Amino acid sequence: LICRTMGYVGCYKQFNHDDWGIQGNYTSLIRSLTCSEGASSMADCSFFTGSSYLYGCGNETDLFLQCTSCPENTYYNKNSWNTCTDCPGNTTSKRNSQFCECPAQHYWHFASAECLKC
C-alpha cells in the first residue's frame, strides 16, 4: 500500500530493525501504521505523525521498503518473486502494469501469465 501510494507498482522486500546504519541520520515520520485488510489508500489506515508521537522509538522499530517500478512492456509478476517480467510475444504494457495488454479476441490469464483466446 505504501509503495503504491508513492507511485510504485508494489513492494519487493521489506526490512526492519537497525539493519542499515544510515537511519540514524533520518527522522522517522510515521509511527504505529495500521491498515485494514483490503485498504486501498493511506486514508484507510491509522497512524501517528510528528515528532511528539515518535518519542521513545529507536531505530530498532524502523521499517524499510524496497518498492518495485516496472518499465513499459513488462508486468509486475507476483508469481515470480515480485519481479518485473517481459511481456510475452506481441503483447505490450504501460509502466507499472500488473498485466500485459493482449491483441483483439484475447484476454490476459493471470495464473499462466499469457494471453488466451476468448
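**Cysteines and their links**

A: C118 counts as exposed because its relative accessibility is 67%. In this account, exposed means over 50% relative accessible area, buried means under 20%, and partly exposed lies in between, computed with a 1.4 Å probe on protein chains only. The model is predicted, so local features need pLDDT of at least 70 and side-chain atom pairs count only at pLDDT 80 or more, while totals for chains, interfaces and linings use all residues. Residues are numbered from 1 along each chain as its sequence is written, and side-chain values use heavy atoms, with hydrogens and water left out.

A disulfide is a covalent bond between the sulfur atoms of two cysteines. Here a pair is assigned as one when the two cysteine sulfur atoms lie within 2.5 Å. The structure holds four disulfides, among them the pair C35 and C45, with sulfur atoms 2.0 Å apart. The torsion about the S-S bond of C35 and C45 is about 105°, so this disulfide is right-handed. C35 belongs to strand β2 (residues 30-35) and C45 to strand β3 (residues 45-49), so the bond ties together parts that are 10 residues apart in sequence. Strands are DSSP runs of E with at least two residues, numbered from the N terminus. The two ends can be described separately: C35 counts as partly exposed because its relative accessibility is 33%, while C45, at 13%, counts as buried.

Another disulfide joins C87 to C100, with an S to S distance of 2.1 Å. The link of C87 and C100 is left-handed, with -95° about the S-S bond. C87 and C100 both lie in the loop between β6 (83-86) and β7 (106-109), so this pair ties together parts that are 13 residues apart in sequence. Both C87 and C100 are buried.

C102 is joined to C115 by a disulfide with an S to S distance of 2.0 Å. The link of C102 and C115 is left-handed, at -90° about the S-S bond. This pair connects distant parts of the chain, 13 residues apart: C102 is in the loop between β6 and β7, and C115 is in strand β8 (residues 114-117). C102 counts as partly exposed because its relative accessibility is 22%. C118, by contrast, is in no disulfide, and the nearest cysteine sulfur to it, that of C102, is 8.6 Å away.

Terms used:
Helix = DSSP H or I, 4+ residues; strand = E, 2+ residues; numbered from the N terminus.
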